[in-house]
Amino acid sequence: MKKVLITGAGSYVGENVRKYILSTSTDFQIDAVDTMGDNWKNADYSQYDVVFHVAGIAEVNGKKGMEQLYYKVNTDLTVEIAKHAQEHGVKQFIFMSSMIVYQETQSLKGNIVTPDTLPAPNGVYGDSKLKAEEGLRDLNLDLNRMKICILRPPMIYGPKSKSNLLRLGRLGTKVPFFPNWRNKRSMLYIDNLGEFVKQAVLRELEGTFYPQNRELSATVDIIRFFAEAAGHRIWITRVLNPFVWLGSFVLQPINKMFADSYYVPEMSEYGFEYQLVGFEESMKKMV
């Protein structure tokens, strides 16, 4: 029996990963604790094998004047909880970092991550996550052999999530036409993440990992799927592609919508199966 404590009660990722694992295995006990204030200290960490840390400020676009809060929550709290877990005998600490530690997309040039790509965050969200990773690696692991498992997922989505994918879906049911601009994006369906976390616990993984769906996605395919599901007629044409290129120089959302942003697939292969839900099936679940 693996005993897991989720630090970040009520979070979308934590709650859905918990539900997924418990629905697919009887070998887990999974509890959650709130991280507001000092509530996270109320749990008895000594009874858990694993801490799955999901708490943090999830808004990618850091607002002016909030920088200190980002580092306090995403960096300092992460390391503080990890130290507390280590002192109480926890054997594995799984941290939800982000693909944003490489960079936030700011042009149509996009962001293609290979095994040789070094993190270079260009925003407070990515930098606070990267500094949390560095803090975890600096822990004195000789005090207690706690394994550090860092996940750098791309955009996570699923039913009732607040991801940009649902915003795209709504757009696809309203606009009469859309550019046929073929980009490539890494995405991670919530059940695929749940399976990865389950395997990470069972296999006692340590290191840095890049879970993603098996297939890369394209913005235009997401738009087309939601339009068809809603019975909405939409004209998808390359005629509009020059406007994407021109708009990218003045409208940052254009870059986020149409630029490439992906891990090369081989970075996400680990010798075990976790990409159980394909892109089309995940889209049907979203609808």
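Colleague: Where do D127 and K131 lie, and how many residues apart are they?

Modeller: D127 and K131 are both part of helix α3, which covers residues 124-137. They are 4 residues apart, about one turn of the helix. Please keep in mind that this is a predicted model.

Colleague: What do their side chains form?

Modeller: The side chains of D127 and K131 meet in a salt bridge, at 3.0 Å from N to O. In general, side chains of opposite charge can pair when their charged atoms come close.

Colleague: Is D127 buried or exposed? And what about K131?

Modeller: D127 has a relative accessible area of 18%, so it is buried. K131, with a relative accessible area of 38%, is partly exposed.

Colleague: How many salt bridges are there by this rule?

Modeller: The count comes to 12 salt bridges. One of them joins K284 to E280, with the closest N and O atoms 3.9 Å apart. These two residues are separated by about one helical turn, because they are 4 residues apart in helix α9, residues 279-286. K284 is exposed, and so is E280.

Colleague: Which residues are linked in a network of salt bridges?

Modeller: K2, K147 and E204 are linked in such a network. Within it, the side chains of K147 and E204 meet at 3.5 Å, N to O. K147 belongs to strand β6 (residues 147-151) and E204 to the loop between α5 and β10 (207-209), so the pair ties together parts that are 57 residues apart in sequence.

Colleague: What is the phi of E204?

Modeller: Phi of E204 is near 50°, a positive value in a residue other than glycine. Most residues other than glycine have a negative phi. E204 counts as partly exposed, because its relative accessibility is 40%.

Colleague: And what is the phi of K160, and where does K160 lie?

Modeller: Phi of K160 is near 70°, which is again a positive value in a residue other than glycine. K160 lies in the loop between β7 (155-157) and α4. Its relative accessibility is 81%, so K160 counts as exposed.

Colleague: Which residues line the largest cavity?

Modeller: Its lining is made up of V4, I6, V17, I21, F28, I30, V50, F52, I94, V197 and V201. The elements that give two or more residues to this lining are β1 (2-7), α1 (12-24), β2 (28-33), β3 (50-53) and α5 (190-202). By type, the lining residues of the largest cavity divide into 11 nonpolar, no polar and no charged.

Colleague: And the pockets? What is the volume of the second largest pocket?

Modeller: The second largest pocket has a volume of about 340 Å³. Its lining has 17 residues, and T35, M36, G37, V73 and L77 lie nearest its centre. The lining of this pocket divides into 8 nonpolar, 5 polar and 4 charged residues.

Colleague: Now the surface. Which residues form a nonpolar patch there?

Modeller: F243, W245, L246, F249, V250 and L251 form a nonpolar patch, with about 720 Å² of accessible area together. Of these residues, L251 is found in the loop between α7 (241-247) and α8 (252-258). L251 counts as partly exposed, because its relative accessibility is 47%.

Colleague: One more topic, please: residues that are separated along the chain. How far apart are the C-alpha atoms of R170 and F226?

Modeller: The C-alpha atoms of R170 and F226 are separated by 7.6 Å, while the two residues are 56 residues apart along the chain. R170 is found in helix α4, residues 164-172. At 47% relative accessibility, R170 counts as partly exposed.

Colleague: And what separates G278 from S186?

Modeller: G278 and S186 are 92 residues apart along the chain, and their C-alpha atoms are separated by 13 Å. G278 is found in the loop between β12 (261-263) and α9. With 24% relative accessibility, G278 counts as partly exposed.

Colleague: Thank you; that covers my questions.

Notes:
Residues are numbered from 1 along each chain as its sequence is written. This is a predicted model: local features need pLDDT of at least 70, side-chain atom pairs count only at pLDDT 80 or more; totals for chains, interfaces and linings use all residues. Side-chain values use heavy atoms; hydrogens and water are left out. On a 1 Å grid over the protein atoms alone, a cavity is a set of points where a 1.4 Å probe fits but cannot get out, and a pocket is an open set with protein on both sides within 12 Å along at least five of seven lines; lining residues have an atom within 4 Å of a point. Grid points are joined across faces, edges and corners, and a volume is the space filled by probe spheres set on the points. Ala, Val, Leu, Ile, Met, Phe, Trp, Tyr, Cys and Pro count as nonpolar, Asp, Glu, Lys and Arg as charged, and the others, Gly among them, as polar. Patches are made of residues with over 30% relative accessible area and no salt bridge: like charges are joined within 9 Å, nonpolar side chains (Val, Leu, Ile, Met, Phe, Trp, Tyr) within 5 Å. Accessible areas come from the Shrake-Rupley method with a 1.4 Å probe; for residues, only the protein chains shown count as cover. A salt bridge is a side-chain nitrogen of Lys or Arg within 4 Å of a carboxyl oxygen of Asp or Glu. Buried means under 20% relative accessible area, exposed over 50%, partly exposed in between (1.4 Å probe, protein chains only).
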